[in-house]
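Subject: Handover of a structure and notes on its contents

Dear colleague,

Please find the structure below, followed by a short account of what was found in it. I would be grateful if you would read the notes with the structure open beside them.

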Amino acid sequence: MAKPEDHETTIPIIEEVATVSTREVETDRLRVRTIVEERATDVVAQLAKQELLVERRTVEREVTEAPQPYKEGDMLIVPIVEERLVVEKKLFVTEELMVRRVARTEEVHVPATLRSMRAIVEREGDLSHDRRDVHARSE
């Protein structure tokens with residue numbers, strides 16, 4: 001008599017496994033180029049300079065020795081002396097130079113050429129449409 005173990009049936013269990021992979025596909029292409037543009041312009045700058053203003057003043061004052069230069073406010077006074085022949089020698093201040101420093105600013109225009117760079121981006125066709133069409137055809 002047949003044993004129940006002799007009539008065993010094996011049923012295989014199958015399981016599907018999904019795998020996902022990626023690949024690089026060119027969808028678009030750009031070309032970037034630069035252009036240097038020049039434009040003429042005036043550059044405005046403030047320049048400072050100082051001038052010396054000299055004013056002469058007649059004095060005709062007798063002195064016993066030559067006086068030293070001295071300051072009076074913002075002025076430097078420089079005595080000018082001469083000897084005069086008299087029955088006796090006397091020293092006279094004949095003139096004084098009054099020197100004052102004056103600061104001024106003036107606006108100057110300097111011609112200059114300035115350059116700037118500009119980027120131009122151009123698309124070389126939209127390849128994403130081609131990829132979709134090829135993909136649709138392969139399905």
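Which type of contact do the side chains of Glu96 and Arg57 meet in? They meet in a salt bridge, at 2.5 Å from N to O. The term salt bridge is used here for a side-chain nitrogen of Lys or Arg within 4 Å of a carboxyl oxygen of Asp or Glu. This pair links distant parts of the chain, since Glu96 is in strand β4 and Arg57 is in strand β1, 39 residues apart.

Before the other findings, two notes on the source are in order. This is a predicted model, in which local features need pLDDT of at least 70 and side-chain atom pairs count only at pLDDT 80 or more, while totals for chains, interfaces and linings use all residues. Residues are numbered from 1 along each chain as its sequence is written, and side-chain values use heavy atoms, with hydrogens and water left out.

Overall layout

The protein chain contains one helix and four strands. Read from the N terminus, these elements follow the order β-β-β-β-α. Helices (H or I, at least four residues) and strands (E, at least two) are DSSP runs, numbered from the N terminus.

The protein chain has 139 residues, and 12% of them count as buried. Buried means under 20% relative accessible area, exposed means over 50%, and partly exposed lies in between (1.4 Å probe, protein chains only). The chain exposes about 12,800 Å², of which carbon and sulfur atoms supply 51%. Accessible areas come from the Shrake-Rupley method with a 1.4 Å probe, and for residues only the protein chains shown count as cover.

Among contacts in the protein chain with a separation of 6 or more, 76% are between residues 24 or more positions apart. Contact here means heavy atoms within 4.5 Å.

The surroundings of Glu96

Leaving aside neighbours within four places in sequence, the residues in contact with Glu96 include Glu55, Val59, Arg61, Ile77 and Pro79. Thr58 and Glu96 are 38 residues apart in sequence, and their C-alpha atoms are 6.8 Å apart in space. Thr58 is in strand β1 and is exposed, with a relative accessible area of 65%.

Strand β1 also holds Glu60. The phi angle of Glu60 is near 55°, a positive value in a residue other than glycine. Glu60 counts as partly exposed because its relative accessibility is 42%.

Other salt bridges

How many salt bridges does a search of the whole structure find? The search finds 14. As a general point, side chains of opposite charge can pair when their charged atoms come close.

One of the salt bridges joins Arg118 and Glu37, with the closest N and O atoms 2.8 Å apart. Arg118 lies in strand β4 (residues 90-126) and Glu37 in strand β1 (residues 28-63), so this pair ties together parts that are 81 residues apart in sequence. Arg118 is partly exposed at 40% relative accessibility, and Glu37 is partly exposed at 33%.

Another salt bridge is formed by the side chains of Glu106 and Lys49, at 3.2 Å from N to O. Here too the pair links distant parts of the chain, with Glu106 in strand β4 and Lys49 in strand β1, 57 residues apart. Glu106 has a relative accessible area of 38% and is therefore partly exposed; Lys49, at 42%, is partly exposed as well.

Aromatic rings

The charged end of Arg84 sits over the ring of Phe92, 4.8 Å from the ring centre. For this, NZ of Lys or CZ of Arg must be within 6 Å of the ring centre and within 35 degrees of the ring normal.

Yours sincerely,
A colleague
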